[in-house]
Amino acid sequence: MSASSASNNRSTIKNYYKNNPWKGRFILTSFILLLILILARAVLPHTIIYSATSWLKQQNIDSSIESININLLSGIVSLNNAQGSKNGEPLFNIGRIDIHWHWTPLKDRTVTVTKVALDQFSINIEQYSDEMIIGGVTFPLTQAAKVNDETAKNTPATEQSEPWAASLGEVVFTNLDICYLQHFSANTNADATTIFVDYCIKLEEMTWTGNINYATDKKLLASTALPVSSTGDFTLNGLSITDNKLNKKLLVSKTNTLSDVTISGLENIHIKQLNMEGLWAMQRDDKQHKDAIRFDQLTLNDIKLNNLNTLFIKDIKMNKPGLYLVKYNQADWEYQQWIPANNNADSKIDSKLDNKTDTKANNKQDLNSSPFKVALNNITINNADLCYLDNASTVYYCYTSDHFSWQGDLSYSNSLKLTGKLSLSNLNIRNHSIDRNLLELNSVALNQLDIKDLNTISIGEFNLKNLHALQRGEDQNDSTLAFNNLAISSIQYSSDNINIDTIELDGLANHFSKNENGEWEHSKWLTQNKDTSVDNADKNTGNNKDKTTTDQPFVISLNSLTISTDNNMLFTDNSTEPAMKTGLQKLDLDVSKLDSTKPDSDSPFKLFAQTTRHGTINIEGTAKPFAEKVSFDAKGKLKGFDLRTASPASKKTIGHIIKSGQLDADLTLLAKEGVLDSNLALSLYHFNIKPMSKKDAEALDEKFGMPLNQTLILLRDKDDSIHLDIPVTGDINNPDFNPMDAIIKATSKAATVTLITFYTPYGLVYAGGNILFDLATAMNFDPVEFKPGTADIKNENKEQLNNLAKLMSEKPQIRLTLCGLTNTADLHALYPALKTKKKENKGDKNAVKITKEQSAALTKLAQQRQINIKNYLIKESAITHDRLILCEPEHQADEDAIAGVEINI
C-alpha cells in the first residue's frame, strides 16, 4: 500500500469518528476487547499451567501438564496429560478433561454445561481425623470446620434470592482409577493398625446421555420439592473395587445400564429399565463359591419411585444368582470382615452428641413420615445357588433351583400382601456335611395365592411333583421319603386354624432303617450344635417365660385325605443278624370329615395295603381323633403274612428263628371314650420255630411256663394251624400292652385249656415234656430241581407245577410250604475256583470253608428259587398268595442234597 493511500484511509477513519462519535467508540472498544481476548487465549493456558505446577511444587509435588486448550467462543476447555508424583510415587494422572458449555444462558442466571469428558484419570485420596490429602495436596479439616462455623455466625441473614440454575448434558468418564485410604487417627499417629478403609476403585467407562437440570423448571421451584429434573440414559461398565486390607475384591461389576431415566424433583422417579450383567461381591478363598454374592444378569423393568417412600417395579428377572453365607459362631459372620471397624473414640462421642441433638427432630420425623411401600408384579429367577454354612454346628446346606416365577401383585407396607401364583422347578437342597440331598423335587405350584398378612393366607391349589427327601446312599433315588404328586385344594389359614378341602398323595415311597447300633439312619440329619453355651442360654431364657399364658387350641378341618401308591414302603433293621427287611408295596388310604371343631363326629376311614411278600391288610371303620377321649370302631383282616420276615427280630429278642409260618388275623378294633376293648384273632399256619441254642430254648420255655414246642403241638389243629384270641384292653392314652407278653399269655392259656379239655379225660399222662403228638398229616411232593447256580424254572418242571396247582384248586383248604435249597453244585457254579480247590484237597469237606459273602449268595439263590415258584403259581394258576408259605432257605452240603425247592403240605 502506498503512503498516499494509507494517509487517505486514516483521514477517512478520522472523519467517520468525528461524524459518528458513539459508533466509533463502540467499534474501538470492541476492537480492544478482541485484542485482549486473543492475548488472553494465547497467554492464559500457559499462565494456568505455570501457576498450577508452581503451586504443586510448593506442596513438594512434581507435576507436569502437557497442554490446556481454551476456546472461549465455542465454550470448550480441554486439559491433556497432567501428572503428579512425590518421591517417585505417583499421586494423580489425568489423561484428558473436556468441558463444553454455552455462554448465552448466563444472562438468565443459568449455567449450561453440554458435555464433560474425563479419560485416564487416577488419583490417591487419604483421609485422617485432622486432614485430607487429595492427589498429594493437604487440606486441613478441623480448621475448615471452625472457619465455616465462624462464617455462619458472622454472616448476616439476607433475603432469599432466586437461585442460579444449572444444566448438565453428556457425561463420559473412562479409565478411572481412584484409591481411597481412611484412618481413624491423626496423620502423625497413623499406621497399619489405624486403617479404617483402604479401597481402590477402577472403572472402565461411565456415560450419561441426556440432561440433568437444577432449578430450570419453574413449577418445581414453586413447590417444596428439590428442583432437580433429568431425562436420559446411564451406563457403567467395568467397575472393580478392591479391599487392600484383605487383598480381595469387594465388588466386580461388568455392565450396568439405566434406560429412559426420568426424574422430576426426586418425588417422581421413573426408570424404564435397569440392566446389570455380571456382578460379583465379597471375594472368597473357595474354588466352588468364589464370591459371597453374585449373579450373571439382573433386569428390572418399569421402575417408579414416588415421594422417596413408594417403590413400584413391574418385572424383576435374575439369572444365576448366588449367595454364600458363613456363620463362624453365634455372634460372628464371614461377611463382617468387609465391614470397617471404627475405633475412634472421638467419633463415637461426636455421634452420641449428634444423636442427642437430633433425637427430638428424628422423633418428629418418625411420627410424621409414612412407612416405605414396595409393590412388585412379576419375579423370575433362573438357576439360583444359595448356600449357608454354620461352623458351630453340622449345618452346611446349599439350595439350587432351575426356575422361580411369581406372577401377580406383591406389596409391602406395614405387612406383606400377595395375590397371584408362584411356581418353582427342579429344587434341590443338599447337605454338604454328609454329601447327601436333604430335599429334591421336580416342581412346586401355588395357584390363587392370596396373602392379606402372615396370619391370613388363602391358596386355591397347591401342587408338588416328584419329591425325594433325606437321601440314604450314593443313589439319589434312594430316599427316606418320596412321592410322585401331592395336590392340596382350597387351603384357608389364619392365626389359629387351617381349613383344607382335599389332600391327594400319589406314589408315596419310603425306606426307614436302623443302623447296627439300633439308631435311626435319618437321625444324622439332625443338627448337632458344637456351641452348647447358646443352647443353655436359650433354655435358661425359656425357663423365665411367663407360664401363665395359655395357647388357643389350633383348629384343623380336612374334608378328604387320599393316599394311593404302588411303590415300596420299606423298613430295614440292621441291628439284627441278618438284617430284618419288611414293608408294603401297595397302599390305599381314605379318610374324610376331619374337623377338630366337631370332636364327637365320626370320621370314616378305609385302609388297604399289600406287603412286599404278598400279605394284605384290610381295615375299615370310623374314628373320633379329636375327642377328649379318643374313640374308634373298626374291623379288619390280615391275610397271608410271611412270619419269616420277623425271624431276625425273634432271633435277637427270644433266641429263636422262625423256620416257616404264615399269619392271618381278624381284627376287632374298638375304643370307647379312651378305653380299649379290642381283640386280635390270630391264625398261624405251618408255624415252626427253632432255638439258636439249648440255653435260648430253656429261657423261652421258662417264660411260657412249659416247653414251647410242646405248647405249640397242643395248639395245632389237624391242618397244622394254630388259632389264638389276644384281647387288647386298657387306657388308650396310657396303654400297657406288650405284644410278646400278650402272645405268651394267650398261648399259655390256650394250651392249658387244651390239656384239661381234651387230654385229661382220656387218661393221657404228661411225662416231663417228652410226649410228641403228630397232629398234622404230612404229604411231601417231588422237589422242583434247578440247574446249579440258577433260579430259572425249567420247562420240564412247569408240568409238575401245573399238576400241583390243579391239586390246590381241587383242595382249596390245603396250603403248601416252599423251602428253597442249595447244594455243593450251586456253590461250585457260583464259585468255580472252589471246585478246583476241592480236588486239590481230595474231597475233604472241612478243607473248603464257605465265607460270609458266599453264604449270603447261596441264601439269596435259594430264596429266589422259592419266590419264583410262588410267583409262578400265583401268576399262571391264580393260586392265592396266602396258600403258599415260604420257609427259611438252607444250604446243604450232603452228597444227596438237591439244588431246588422242597414242597410239602
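I began with Lys794, which forms a salt bridge with Glu796 (a side-chain nitrogen of Lys or Arg within 4 Å of a carboxyl oxygen of Asp or Glu), and the closest N and O atoms of this pair are 3.8 Å apart. Lys794 has 28% relative accessibility and counts as partly exposed, while Glu796 is exposed at 55%; buried means under 20% relative accessible area, exposed over 50%, and partly exposed in between, with a 1.4 Å probe and protein chains only.

I noted that this is a predicted model, in which local features need pLDDT of at least 70 and side-chain atom pairs count only at pLDDT 80 or more, whereas totals for chains, interfaces and linings use all residues. Residues are numbered from 1 along each chain as its sequence is written, and side-chain values use heavy atoms, with hydrogens and water left out.

Next I looked up Asp435, whose salt bridge with Arg430 has its closest N and O atoms 2.8 Å apart. Asp435 is partly exposed at 43% relative accessibility, but Arg430 is buried at 17%.

Then I turned to Arg644 and found that its salt bridge with Glu888 has a closest N and O distance of 3.9 Å. These two residues are 244 residues apart and link distant parts of the chain. Arg644 is buried, with 4% relative accessibility, and Glu888 is partly exposed at 25%.

Which residues are linked with Arg644 and Glu888 in a network of salt bridges? I wrote down Arg613 and Asp642. Finally, I recorded that the structure holds 21 salt bridges.

How values were computed
Helices (H or I, at least four residues) and strands (E, at least two) are DSSP runs, numbered from the N terminus.
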